Amino acid sequence: MPLNNVRTTEESKIVKNIYRIIIYILAAAILFGAGFFTGHETAQTAAPEQSANAAKNAAALSAVISIKDGSHVLKGKITLSKDETAFSLLQKFTNKQHIEMNSSGNGKMVYVTSLNNKKASKNTGWLFTVNGKQPNVGAGAVKVKKNDQIVWHYSKF
């Protein structure tokens, strides 16, 4: 009997060890599975969050443009792109709002000849300010920064 008891004790130790190993494997599988599914959900929900962040950043990278022609004021917020100028912002705004705009020249030397059906003449024309100051260069040379306020106004010279 003692020999039989030893085998039973030895067998029970082996069975206990096998059960422990099985429990450890199951626990690891459950933890791994939970981590996999949690990571999978994060990957699926990350795209909308990234889109929302991109939209917030785009909204944050904007400037306000106004057109004042004496009797009317048109105003809007425009999203900035890389190397945006006061003139390119005006082009975006007028295209978006379907406002008539013509110019002559190009690049840094561009000049607005007509805006919102008001044409420049010998003594009048379109001037602009950035944050309340009139630059001493053309609209094509002025780089616009986040939150800048650009105002185009029809004025006598």
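Tutor: Two strands pair if DSSP finds at least two bridges between them. Strands (E, at least two residues) and helices (H or I, at least four) are DSSP runs, numbered from the N terminus. This is a predicted model: local features need pLDDT of at least 70, side-chain atom pairs count only at pLDDT 80 or more, and totals for chains, interfaces and linings use all residues. Residues are numbered from 1 along each chain as its sequence is written, and side-chain values use heavy atoms, without hydrogens and water.

Student: What makes β2 and β6 edge strands?

Tutor: The open sheet has four strands, ordered β2-β1-β7-β6, with mixed pairing. β2 (73-79) and β6 (124-130) each pair on one side only, and are the edge strands.

Student: How do you know that β6 pairs with β7?

Tutor: Seven bridges join β6 to β7 (residues 149-156). The requirement is at least two, so the strands pair. They run antiparallel. Thr124 stands opposite Lys156 in β7.

Student: What makes α2 a helix packed on the sheet?

Tutor: α2 (residues 86-97) touches β1 (62-68), β2, β6 and β7. Contact means heavy atoms within 4.5 Å.

Student: Why is the link between Lys92 and Glu84 called a salt bridge?

Tutor: The definition asks for a side-chain nitrogen of Lys or Arg within 4 Å of a carboxyl oxygen of Asp or Glu. Here the closest N and O atoms are 3.0 Å apart, so the pair qualifies. The structure holds one salt bridge.

Technical notes. Axes fitted to C-alpha atoms, helices over the stretch in contact; angles between N-to-C directions.
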